[in-house]
Amino acid sequence: MEGILHALADPVRVAIYAGLAASEKGTSCSAFLQLDDREIPKSTLSQHFRALREAGLIRSERQGVEMRNTTRCGEINQRFPGLLPAVMGAYQQQLMDRMKAAKRKGGKARGV
């Protein structure tokens, strides 16, 4: 449990996880080089994916020269029912709040 919460406490990792969860077929690491309004260096991205893997949140499989990443939502939901929907719901609410705040200020929302 600690590992999962620690991994998802980082705004970039929770954004990556949300993107992976939305993908049905899995996603390559390179799909996350641009996250919201900022670029993520490959070396930093590798560290984020490692943290998600070590927490047991994702599975990575090599396909040719790329790594395909998928979530382990089903397994985690069996072990910790309701945890991921609660975390993802909080993440979505936070995104909505940032977008509303940015509209009020007339600027772009700072990404997660």
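**A first look at the fold and its core**

Me: How does the radius of gyration of the protein chain fit a compact globule of 112 residues?
Reply: A compact globule with 112 residues would have a radius of gyration near 13 Å, and the protein chain has 14 Å, which agrees. The radius is taken over C-alpha atoms, and the globule rule is 2.2 Å times the number of residues to the power 0.38.

Me: What should I know about the model first?
Reply: This is a predicted model, in which local features need pLDDT of at least 70 and side-chain atom pairs count only at pLDDT 80 or more, while totals for chains, interfaces and linings use all residues. Residues are numbered from 1 along each chain as its sequence is written, and side-chain values use heavy atoms, with hydrogens and water left out.

Me: How many helices and strands are there?
Reply: The protein chain has five helices and five strands, and from the N terminus on they run α-α-β-β-β-α-β-β-α-α. Both are DSSP runs numbered from the N terminus, with helices (H or I) of at least four residues and strands (E) of at least two.

Me: And what share of the residues is buried?
Reply: Buried residues make up 34% of the 112 in the protein chain, where buried means under 20% relative accessible area, exposed means over 50% and partly exposed lies in between (1.4 Å probe, protein chains only).

Me: Which residues have the most contacts inside the largest nonpolar core?
Reply: They are Leu 8, Ile 16, Tyr 17 and Leu 57, in a core of 26 residues. The elements giving two or more residues to this core are helix H1 (2–9), helix H2 (11–22), helix H3 (42–54) and helix H5 (83–105), and H2 provides the largest share, seven residues. Such a core is a set of buried Ala, Val, Leu, Ile, Met, Phe, Trp, Tyr and Cys residues joined through side-chain atoms within 4.5 Å.

Me: Is Tyr 17 buried or exposed?
Reply: Tyr 17, which is found in helix H2, counts as buried because its relative accessibility is 0%.

Me: So what does Tyr 17 touch?
Reply: Leaving out residues up to four places away in sequence, Tyr 17 touches Leu 8, Leu 57, Ile 58, Thr 71, Arg 72, Cys 73, Ile 76, Leu 84 and Met 88, where contact means heavy atoms within 4.5 Å.

Me: Which residues does Ile 16 touch?
Reply: With residues up to four places away in sequence again not counted, Ile 16 touches Phe 32, Leu 35, Leu 45, His 48, Phe 49 and Leu 52.
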